[in-house]
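I opened this structure for the first time today and kept notes on what I looked up. The entries run from the whole chain to single residues.

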Amino acid sequence: MQQQAEFQVPAEQSARHGHHEQDQHQGIESIFPPELTICYETLSVKDADERADGCVEQRGESQARNDVAVPVSALEAAVEKGKTVLSELLGVLNQSHISTGDTDWRDAISELLESARKPKVVIGVLGATGAGKSSLINAIIDEEGMLATNCMRAATAVATEVAYNDGPRRYKAEVQFIQPKEWKRELEILCHEMLDENPDINAIKTTREKIKAVYPELDNAHRADTTMERLLGHPRITNLLGSSLLIEEDHPRIFGDKLKPYIDSKSGTAREGAGLWPLIKTVRLYVKAQALATGAVLVDLPGLYDSNAARVAVADDYLKRCAAHWIVAPINRAVDDKIAQSLVSKHLKSQMIFDCICDSLTFICTKTDDISVTEVQMCLGLQSPSFEREEREKRCLSTEVQMLDEEKARVEGLLNEAQDHIDSLEDDSTKYPQPSPLKRKWNSDAESIFTEFPVSQACACAAITPESSEATQTPTLVSKEEILREQKARKSELRKRRNSLIQQRKVKGEQLERLTVDLAQKHVSNIQTSIRERNNYSKKEITRHFQHLNGENDNRILHGKIELEGELPVFCVSTKAYQKLKGRLQKNEPEVAGFTELEQTEIPQLQAHCIRLTEGPREASSKLFLIELKKLLQSMSLWSSATGSAHVLSDAKKQEMEAGYKEAGMQELQDQLLASLRRSFARNILQKLENACQHGSQGVREVVADWNAEVHWSTYRAICRRSGVWKGYNWNREVAHHMLEYIRSYWIRTFNEEIPLHLEIFSRNTKICLNIFHKSVVSCADESIAQQNNAKLQKTLGTTTNSLKHQVKKTEASLRKRQKTANRLFVGVIAAELEGTFWQCANEAGTGMLKRMQAFMEREAEVNGEQILEKSAQRVSEELSNILEKTEGKITRMVRATVRELARDYHTAIITPQTIKLSEQELQLKIEMAEAIRKAEQHLILDQLNLNVEDGPAAVETGP
């Protein structure tokens with residue numbers, strides 16, 4: 001249901017309750033003046049403002065400036081300034097022991113200072129085993145091995161929370177162990193698995209891993225003889241269960257080694273080789289990572305179907321608290337046509353729809369460096385570039401370079417021989433025989449050089465070839481001096497020849513190097529093109545699939561959107577390439593092909609996205625603090641300016657003026673809002689639960705029949721031993737499936753559409769109501785006094801209206817958060833009701849046990865199926881009533897506090913100056929405070945900041 005320019009009640013509500021609302025309007029007219037009754041009519045906000053105020057309020061340039069969005073960093077800087085200002089004002093008040101009247105400004109300042117905390121935004125990282133979640137988090141926090149990773153197995157065994165470290169040390173970890181009763185329950189299951197003759201293969205594998213991890217000294221021969229008491233009383237674990245451990249270090253490797261036994265499923269401690277991960281409930285890491293500095297908290301969830309109930313509860317609790325959800329999968333799975341099944345399981349998708357969080361999803365495809373270029377080009381129909389010509393040219397150049405190198409080596413050998421000969425001739429002690437046929441030998445060597453060298457190069461040196469063939473054939477008797485001359489001439493020619501070869505080798509080598517670099521760049525470009533095209537294809541496919549989720553689920557699951565319109569955040573990342581480019585991987589690790597810049601890995605973009613996810617909560621938190629600060633300063637300014645001489649005011653006039661402060665016309669607005677909320681709850685959910693149970697009871701028998709027909713007996717028993725939740729199975733949710741399918745669209749309509757609409761109408765109508773209240777009160781006051789403080793009161797009224805709107809948004813976010821607990825009760829109650837049946841099945845043994853287990857389940861579905869669903873619905877109904885009651889109390893307190901503060905401010909501005917005479921000490925304190933407030937307002941310049949609440953959904957819920 002789209003919220004139009006005019007406020008209208010939902011069509012179904014209008015049709016069913018038209019007469020009832022008409023009666024309400026008539027009742028309201030008898031209580032309220034005509035101006036206020038328009039708050040409940042179907043009219044545009046603009047019309048309402050015109051009829052309440054008489055005309056549309058004209059906005060000046062300052063208001064136009066206020067409509068400009070303010071960066072979150074500027075708001076946070078203003079918050080820091082505000083904290084300083086409040087501390088200074090508190091110092092001024094603490095210097096005096098004079099009473100400040102009915103309001104203790106010291107307490108008000110201290111309370112506001114206490115509320116100035118940065119919100120934490122929990123981001124759940126979900127994905128199947130081996131998807132690369134831990135490697136992804138390591139890259140985002142710019143650490144190489146903070147979380148355990150292993151390409152051969154699942155390394156992360158427990159839920160691991162990673163947040164920013166504000167402490168003095170570089171790294172900090174808090175390890176929380178499970179309670180003794182939780183480990184006892186786990187051991188009971190493990191012992192049953194160990195004693196089975198034919199256990200489920202996966203179950204017994206997990207069991208052995210856990211037993212071996214915690215009790216490494218317990219071999220197979222002694223396991224059967226070990227008692228439960230002995231295992232629970234083992235000295236290694238008795239002091240750990242129910243406790244917590246703190247680790248702090250500055251060196252990453254030392255810290256990682258200390259942390260590994262608590263999160264790595266294959267790691268042991270230095271002490272006795274034991275691994276403690278089966279005993280861990282949660283691990284909280286604190287690192288100085290820039291991506292987490294703004295409040296993001298990453299949670300690495302190993303899975304929602306752990307065999308340990310405590311860790312399952314932790315994972316589900318994180319899902320409730322998460323403001324954003326990152327779905328992680330290897331990109332080779334994302335290209336597959338079965339994209340939905342590979343990225344989000346059926347149960348997880350259903351829970352996300354109920355939680356109204358599908359608009360908080362981010363999809364991350366990992367391992368983009370794992371690519372087969374040929375395969376991608378074939379699958380995506382990409383043109384494969386040909387490098388045959390360049391490869392052939394490269395081979396030819398390589399051959400020529402090799403020949404030049406060989407010829408150069410031969411020439412250098414001849415040159416050395418010539419030098420040796422010259423040295424011998426120049427040595428006087430050496431006797432040289434006469435005659436010598438050396439000339440012929442030299443000529444023969446020279447001929448061999450040109451004979452074996454390519455013709456083109458041999459011709460270039462033709463000048464050194466003897467012209468007379470007769471001279472080369474006829475030995476000549478020469479003197480030692482002539483031979484020496486000839487050898488030196490030969491050396492000179494060989495040196496020229498070598499230099500020529502060096503020059504040719506340089507030219508050819510440079511050509512080969514350029515060609516090699518160019519060819520390598522083309523290959524890299526080819527790989528990059530394939531990676532980029534596969535990334536684009538994956539992003540389009542993922543977005544396309546989730547755009548069609550509306551039609552698939554027959555309701556609007558996206559928060560205020562009919563479809564995603566391409567806005568679904570999808571990232572295709574390579575953590576390996578990012579870490580290599582950052583210089584963190586080992587030096588012997590090869591370069592990652594296709595990645596030359598950090599941005600190509602998309603990790604920097606994902607880090608920026610992580611920071612952006614915190615902007616909404618940070619903006620909402622900062623605005624709320626600044627509005628409350630502005631309201632407090634305005635109230636204190638009114639109080640400190642009330643320093644004039646007392647006027648004579650009759651008791652009758654005083655009672656007349658104070659009468660208007662009692663409720664400020666807000667009570668009826670509050671009652672109307674609460675009535676609307678009750679109707680939405682009743683019509684959309686409470687009245688539909690009976691039909692949902694009837695619809696679901698028919699499906700329970702079908703679900704049990706499917707189990708009995710499809711599940712192997714060993715797996716059947718393993719699931720029953722774990723209360724219906726194991727690996728990818730969640731039988732409790734399957735029992736609830738048909739009932740949830742029936743109620744889901746009504747549930748989403750309530751919390752995603754109607755409640756936000758009712759709260760939005762309430763926020764807008766309070767503005768009208770308070771404006772009427774202001775006009776009424778001011779008109780009753782003494783004209784001179786009213787004119788004196790009218791401007792201040794008008795500003796106070798605007799700030800109060802804005803504050804109330806922020807608080808209403810906060811109430812909406814709280815409702816959305818509470819409903820997550822409520823919708824989980826459907827499955828939670830069913831799990832509790834089926835606990836006995838599951839254990840009865842799990843304890844079956846011997847021949848025919850499968851048929852007996854199946855018979856138990858069939859009988860439970862037939863006899864108690866509908867009753868179980870009714871108990872589930874009843875518990876949800878009670879929780880919704882509890883939520884509604886708490887919400888009503890919260891709204892009531894909010895309205896009363898608003899009215900009380902408004903009454904105080906109007907009383908201070910209008911009545912107090914006419915009734916109370918100040919002492920010199922009180923007057924001096926007010927003068928000092930007025931000056932301090934004036935300086936504070938000039939320093940903060942809050943009027944120039946846009947602190948208005950944006951229309952639309954409430955900000956994402958943040959973690960505690």
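**Notebook: overall figures**

I began with burial: of the 960 residues of the protein, 48% count as buried, a word that stands for under 20% relative accessible area, with exposed meaning over 50% and partly exposed in between (1.4 Å probe, protein chains only). I noted that this is a predicted model, in which local features need pLDDT of at least 70 and side-chain atom pairs count only at pLDDT 80 or more, while totals for chains, interfaces and linings use all residues. Residues are numbered from 1 along each chain as its sequence is written, and side-chain values use heavy atoms, with hydrogens and water left out.

I then looked up the secondary structure and found 35 helices and 11 strands, taken as DSSP runs numbered from the N terminus (helices H or I, at least four residues; strands E, at least two). For contacts, meaning heavy atoms within 4.5 Å, I recorded that among those between residues at least 6 apart in sequence, 83% join residues at least 24 apart.

**Two residues with positive phi**

I turned to glutamate 602, which is not a glycine and yet has a positive phi of about 65 degrees. It sits in the loop between α25 (575-581) and α26 (603-612), and its relative accessibility of 11% makes it buried.

Serine 723, also not a glycine, has a positive phi of about 55 degrees. I found serine 723 in the loop between α31 (713-721) and β10 (725-726), where it is buried at a relative accessible area of 16%.

**One exposed aspartate**

Last, I checked aspartate 420, which lies in helix α19 (residues 388-426) and is exposed, with a relative accessible area of 52%.
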